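Reader: Can you walk me through this one? I'd like the cut-offs as we go.

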Amino acid sequence: MTQRDPACRAIEPLISGALDNELTQQQRQQLHLHLGSCEGCANLYRELAEQRGAVKHGVQPPENVAEPPSVRLWNRIGGGLIILGLIPLVLYAIYQFSQDATIPWWVKLTTAATILGLLLLFINVLRQRLKAAKNDPYKKVKL
């Protein structure tokens, strides 16, 4: 396959589509005819098919790349402490903001509405992510 050959350049997306089983009957026939006459494209198709097979069967990462359980534990402890420290600070800030007489009522109302809207959006996205994580087909794929 040469870079200058427009027929080969037009076939490259079909090769990818064939490996993903996304081609129409006409496109499959066009690819089959071209692969029969072009050794370069046929070699490319075989190489990509082999790589796809290797990815499909999974390649185990080296052991030193995986994060040890102790690191995950310390990350969770640190995250939990940050959240436990932020909760009283946020509650105190809300209390001070609500008790400040120099701030007009409409500023307090619009600020509260904005924060509540952002909080509801965050909770909705988090709920959707957790729901999607349960049905994730790539959950067991190890990188």
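Author: Helices here are DSSP runs of H or I with at least four residues, and strands are runs of E with at least two, numbered from the N terminus. This is a predicted model, where local features need pLDDT of at least 70, side-chain atom pairs count only at pLDDT 80 or more, and totals for chains, interfaces and linings use all residues. Residues are numbered from 1 along each chain as its sequence is written, and side-chain values use heavy atoms, with hydrogens and water left out.

Reader: Where does Asn 21 lie?

Author: Asn 21 is in the loop between helix H1 (6–19) and H2. Its phi is positive, about 60°, although Asn 21 is not a glycine. Most residues other than glycine have a negative phi.

Reader: Is Asn 21 buried or exposed?

Author: Exposed, with a relative accessible area of 66%. Buried means under 20% relative accessible area, exposed over 50%, and partly exposed in between, using a 1.4 Å probe and protein chains only.

Reader: Back to H1. What span does it reach from its first C-alpha to its last?

Author: H1 has 14 residues and reaches 21 Å, close to the expected 20 Å. The expected span is 1.5 Å times one less than the number of residues in the helix.

Reader: Where does H1 bend?

Author: At Glu 12, by about 30°, with a proline, Pro 13, following within four residues. The bend at a residue is the angle between axes fitted to the seven residues ending there and the seven starting there.

Reader: And which residues of H1 are buried?

Author: Cys 8, Ile 11, Leu 14, Ile 15, Gly 17 and Leu 19. Two of these, Cys 8 and Ile 11, are in contact with His 34, a residue of helix H2 (residues 25–37).

Reader: What else is His 34 in contact with?

Author: Leaving aside neighbours within four places in sequence, His 34 also touches Ala 7 and Cys 41. Contact means heavy atoms within 4.5 Å. His 34 counts as buried, at 12% relative accessibility.

Reader: New topic. How many salt bridges in the whole structure?

Author: One. The side chains of Arg 46 and Glu 39 form it, at 3.1 Å from N to O. The criterion is a side-chain nitrogen of Lys or Arg within 4 Å of a carboxyl oxygen of Asp or Glu.

Reader: How accessible is Arg 46?

Author: Arg 46 is partly exposed, at 42% relative accessibility, and Glu 39 is exposed, at 54% relative accessible area.
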